[in-house]
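The sequence and the structure are shown first.

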Amino acid sequence: MARAQRRAICFCAALGALALASCGEEDERRPVASSQAPSSQESTQQAPTQAMSPSGASIASPRGAGAGREWLDVGDATAPEVFLATRSTPKGAPPASPEAVAEIAALLGEADVVFDENRRMLANRTLQLERMLGEISVVETPQALLAGFIAVGRAVGRIGYSDLCQHYFNLRAAGARRAEALAVLATPAAERRKP
């Protein structure tokens, strides 16, 4: 089977899996920038002994953002940035710092403007991609993933974050380095600008 045919089959299979994985999430899409980033006043509120999110939510949330959780459910009181920072902290490492939570909150705020998905789904998909990449021995932080995708989203225009995650994973799994994968994903916008 030709290499192009194998890639096409893998791509179609990945798209099918992605479509099935996103079933029931139609309510997760909404008009761009409908959620608000935390205010600067909120970002300064922190308990001295416990990391806080910019929205004032404790990392040790009542429902727990603990080790067994892989998905932030609808209606969960845990702030998306707290969930993502907590879940991305390696086992045995100290808890996520307030600075890491604040950085993720800022990136989620930027991504919220660029993509249709809400902050909760952005956090869920970023964590999911981080885990998938880890399974193929590729280590990237949520901050790096979000920053790279924000740049691609701005260059390309309208693209779904979930779609972007899947395409990025496929490129990395095929051996592309981070910069190469991001460049490929941003290419369509660059080609449209050519005379």
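Which residues in α5 meet which residues in α7? In this predicted model, Leu-122, Arg-125, Thr-126, Leu-129, Met-132 and Leu-133 represent α5, and their partners in α7 are Tyr-161, Ser-162, Cys-165, Gln-166, Tyr-168, Phe-169 and Arg-172. By class, this contact of α5 with α7 comprises eight nonpolar, three polar and two charged residues. The axes of α5 and α7 come within 10 Å and cross at roughly 10°. The two helices are therefore roughly parallel to each other, given that angles under 35 degrees count as such.

**Overall organisation**

The protein contains eight helices and zero strands, so that reading along the sequence gives the pattern α-α-α-α-α-α-α-α. Of its 195 residues, 42% count as buried. Among contacts between residues at least 6 apart in sequence, 63% join residues at least 24 apart.

**Packing of α3 on α5**

Helix α5 (residues 119-135) also packs with helix α3 (residues 80-87), at an angle of about 10° and with the axes 9 Å apart. It follows that α3 and α5 are therefore roughly parallel to each other. On the α3 side the contact is made by Pro-80, Glu-81, Phe-83, Leu-84 and Arg-87, and on the α5 side by Arg-119, Arg-120, Ala-123, Asn-124, Thr-126, Leu-127 and Arg-131. This contact of α3 with α5 has five nonpolar, two polar and five charged residues. Thr-126 of α5 is listed in the contact with α3 and also in the contact with α7.

Helix α3 is mostly covered, with seven of its eight residues buried. These are Pro-80, Glu-81, Val-82, Phe-83, Leu-84, Ala-85 and Arg-87. The elements that cover them include α4, α5 and α6.

In soluble globular proteins, nonpolar side chains tend to be buried together. Here the largest nonpolar core has 37 residues, and those with the most contacts inside it are Phe-115, Leu-129, Phe-149 and Tyr-168. Two or more residues of this core come from each of α3, α4, α5, α6, α7 and α8. Two of the residues with the most core contacts, Leu-129 and Tyr-168, also take part in the meeting of α5 with α7.

**Salt bridges**

A search of the whole structure finds four salt bridges. Three of them are set out below.

| Pair | Closest N to O distance |
|---|---|
| Glu-140 and Arg-172 | 2.4 Å |
| Glu-140 and Arg-178 | 2.6 Å |

The pair of Arg-154 and Glu-110 links distant parts of the chain: Arg-154 belongs to helix α6 (residues 142-156) and Glu-110 to helix α4 (residues 98-114), 44 residues apart. Arg-154 is exposed, with a relative accessible area of 52%, whereas Glu-110 is partly exposed at 33%.

Glu-140, Arg-172 and Arg-178 are linked in a network of salt bridges. Glu-140 forms a salt bridge with Arg-172. Glu-140 lies in the loop between α5 and α6 and Arg-172 in helix α7 (residues 161-173), so this pair ties together parts that are 32 residues apart in sequence. Both Glu-140 and Arg-172 are buried.

Because Arg-178 lies in helix α8 (residues 178-193), while Glu-140 is in the loop between α5 and α6, the pair ties together parts that are 38 residues apart in sequence. At 8% relative accessibility, Glu-140 counts as buried, whereas Arg-178 is partly exposed, with a relative accessible area of 28%.

Most residues other than glycine have a negative phi. What is the phi of Ser-137? The angle is near 65°, a positive value in a residue other than glycine. Ser-137 is placed in the loop between α5 and α6, the loop that also holds Glu-140. The two residues contrast in accessibility: Ser-137 counts as exposed at 68%, and Glu-140 counts as buried at 8%.

How values were computed
Residues numbered from 1 in each chain as written. Predicted model: local features only at pLDDT ≥ 70, side-chain atom pairs only at ≥ 80, totals over all residues. Heavy atoms only, no water. Axes fitted to C-alpha atoms, helices over the stretch in contact; angles between N-to-C directions. Helix = DSSP H or I, 4+ residues; strand = E, 2+ residues; numbered from the N terminus. Parallel < 35°, antiparallel > 145°, perpendicular 65-115°, else oblique. Contact = heavy atoms within 4.5 Å. Nonpolar A, V, L, I, M, F, W, Y, C, P; charged D, E, K, R; others polar. Salt bridge = Lys/Arg side-chain N within 4 Å of Asp/Glu carboxyl O. Buried < 20%, exposed > 50% of the residue type's maximum accessible area, 1.4 Å probe, protein only. Core = buried A, V, L, I, M, F, W, Y, C linked by side-chain atoms within 4.5 Å.
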